[in-house]
Amino acid sequence: MMVGATGPPVRGPKGRCAVSGIEIVVVDGERFEVRRQAGTYHLTWLSGPNPGYGFSIGSNTGAVLEPRVLETEIRGFLDQIAPETGYL
């Protein structure tokens, strides 16, 4: 699943990795690896300046998050990043 800056998610042939449960999501030109594990989503910022850096989100119910929710959460994360360090 690829999530663009505007419009609905676009599924592409390279959007899903060979490893089950891992997707690459692109929001505003920034690439994130998304891994879902027991209702938790682990997002690693692939195009960021700090290898392995990212964040996790989830719910008590284990509900599947809609693509627009992931996009909103990624934008919120990016909005908090200090340009000088690349960290929150």
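How many salt bridges does the structure hold? The structure holds 3, a salt bridge being a side-chain nitrogen of Lys or Arg within 4 Å of a carboxyl oxygen of Asp or Glu.

This is a predicted model, in which local features need pLDDT of at least 70 and side-chain atom pairs count only at pLDDT 80 or more, while totals for chains, interfaces and linings use all residues. Residues are numbered from 1 along each chain as its sequence is written, and side-chain values use heavy atoms, with hydrogens and water left out.

Begin with the whole chain, coloured by secondary structure. The pattern along the sequence is β-β-β-β-α; helices (H or I, at least four residues) and strands (E, at least two) are DSSP runs, numbered from the N terminus.

Next, select Arg-75 and Glu-71, whose side chains form a salt bridge at 2.7 Å, N to O. Both lie in helix H1, 4 residues apart. Salt bridges with shared partners join Asp-28, Glu-71 and Arg-75 into one network.

Asp-28 lies in the loop between S1 and S2 and Arg-75 in H1, so the pair ties together parts 47 residues apart in sequence. Glu-71 is buried at 9% relative accessibility, whereas Asp-28 is partly exposed at 43% (buried: under 20% relative accessible area; exposed: over 50%; partly exposed: in between; 1.4 Å probe, protein chains only).

Finally, select Trp-45. Leaving aside neighbours within four places in sequence, its contacts (heavy atoms within 4.5 Å) include Phe-32, Tyr-53, Phe-77 and Ile-81.
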